[in-house]
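I opened a notebook page for this chain and looked things up one at a time. The entries follow in the order I made them.

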Amino acid sequence: MSPSPSPSFARVLAVLCASLALALPAGCGGAAPVAPPAPETGGGLIGSAAPELTAEVVSGEGPSTLKDARGKVVIVDFWATYCRPCRKSFPKYQELVDRFGGDLAVLAVSLDAPEDASKEQLTAFADEAGVRFKILWDKDQSAEKAYKPRRMPTAFLVDRGGVVRQIHAGYENGEEDKISREIEALLGPAATPPPADGGRRSP
């Protein structure tokens, strides 16, 4: 059998371990905790007031700023003329606007650089997609810096009080169904379609 460490050696080892415990968050013999990954998009905006938009108005109907849209649920959508998924998402967002009427607004913010696109090209994109909601142009990149979208498109769902509640990075087929349910939840029971029996109650 090998001899056990002397008391003096054990004390030295204990002191070293205690010193390491102060230097390393996990202590002696453990691994340092792994920090959770940073959110992919949105810069931590969920639960915070949505930054106001001062982008140039290009075309479309409805409010041009979040202040004007207060009281509505708003989709702040970042897009560009070169974004292929945007050509699929635009018509779906228009369908949501038509469905929810005056309770929903879309502010579609183009991230096209002024040297790469023109106002006419932005308008043509919206016309080809068949949308009537407001098209804005973030020429000075102020909206991009405030929202920090990292994929194209990225949609921020803002509640009636101007708070960001959901972020949808990218667009896939069927994404509008999830967004529709989220809008219904933000609007409350009044936005839920009536039951099949017309809401009749038994006596």
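Entry 1, helix H3. I began with what lies over the buried residues of H3, and I found that the cover includes strand E1 (56–59), E2, helix H2 (84–100), strand E3 (104–110) and E4. For my own reference, helices (H or I, at least four residues) and strands (E, at least two) are DSSP runs, numbered from the N terminus. Buried means under 20% relative accessible area, exposed means over 50%, and partly exposed is in between (1.4 Å probe, protein chains only). Contact means heavy atoms within 4.5 Å.

I noted the ground rules before going on. This is a predicted model in which residues are numbered from 1 along each chain as its sequence is written, and local features need pLDDT of at least 70, side-chain atom pairs count only at pLDDT 80 or more, while totals for chains, interfaces and linings use all residues. Side-chain values use heavy atoms, with hydrogens and water left out.

Which residues of H3 are buried? I listed Leu122, Phe125, Ala126 and Ala129. They sit on the same side of H3, because they cover an arc of only 95 degrees around the axis. The arc is that of the directions from the helix axis to the C-beta atoms. On the face of H3 turned away from the buried side, I found the exposed residues Glu120, Asp127 and Glu128. After H3 comes Gly130, with a positive phi near 75 degrees.

I looked up where Phe133 sits, and the place is the loop between helix H3 (119–129) and strand E4 (134–137). Is Phe133 buried or exposed? Phe133 counts as buried because its relative accessibility is 4%. Leaving out residues up to four places away in sequence, Phe133 touches Ser59, Gly60, Glu61, Phe90, Tyr93, Gln94, Val97, Val106 and Ala108. I also checked Leu107, which is 26 residues from Phe133 along the chain; their C-alpha atoms are separated by 7.0 Å.

How many aromatic pairs does a search of the whole structure find? It finds 7. Rings of Phe, Tyr and Trp (its six-membered ring) pair if their centres lie within 6.5 Å; planes under 30 degrees apart count as stacked, over 60 as edge-to-face and the rest as tilted. One of the pairs is Phe78 with Phe156, edge-to-face at 5.8 Å centre to centre and 80 degrees between the planes. This pair links distant parts of the chain, since Phe78 is in strand E2 (residues 73–79) and Phe156 is in strand E5 (residues 154–158), 78 residues apart. Phe78 counts as buried at 0% relative accessibility, and Phe156 counts as buried at 0% too. Tyr147 and Phe156 have ring centres 5.0 Å apart and planes at 70 degrees, so this pair is edge-to-face. Tyr147 is buried, as is Phe156. I then found a cluster, in which ring pairs link Trp79, Phe90, Phe125 and Phe133.

Most residues other than glycine have a negative phi, and most peptide bonds are trans. I looked for exceptions. The peptide bond from Met152 to Pro153 is cis, with omega near -10 degrees. Pro153 is in the loop between helix H4 (142–147) and E5. Gln141 is not a glycine but has a positive phi of about 65 degrees, and I located Gln141 in the loop between E4 and H4. Lys148, also not a glycine, has a positive phi of about 55 degrees and lies in the loop between H4 and E5. Gln141 counts as partly exposed at 42% relative accessibility, and Lys148 is partly exposed with a relative accessible area of 42%.

Entry 5, the whole chain. I counted 5 helices and 6 strands, and along the sequence they follow the pattern α-β-β-α-β-α-β-α-β-β-α. Of the 203 residues, 39% count as buried.

pLDDT is the predictor's confidence in each residue, from 0 to 100. The chain has a mean pLDDT of 81, and 71% of its residues reach 70 or more. Over residues 1–41 pLDDT stays under 50, and the model has 15 contacts beyond four places in sequence for them. Over residues 191–203 pLDDT also stays under 50, with 4 such contacts.
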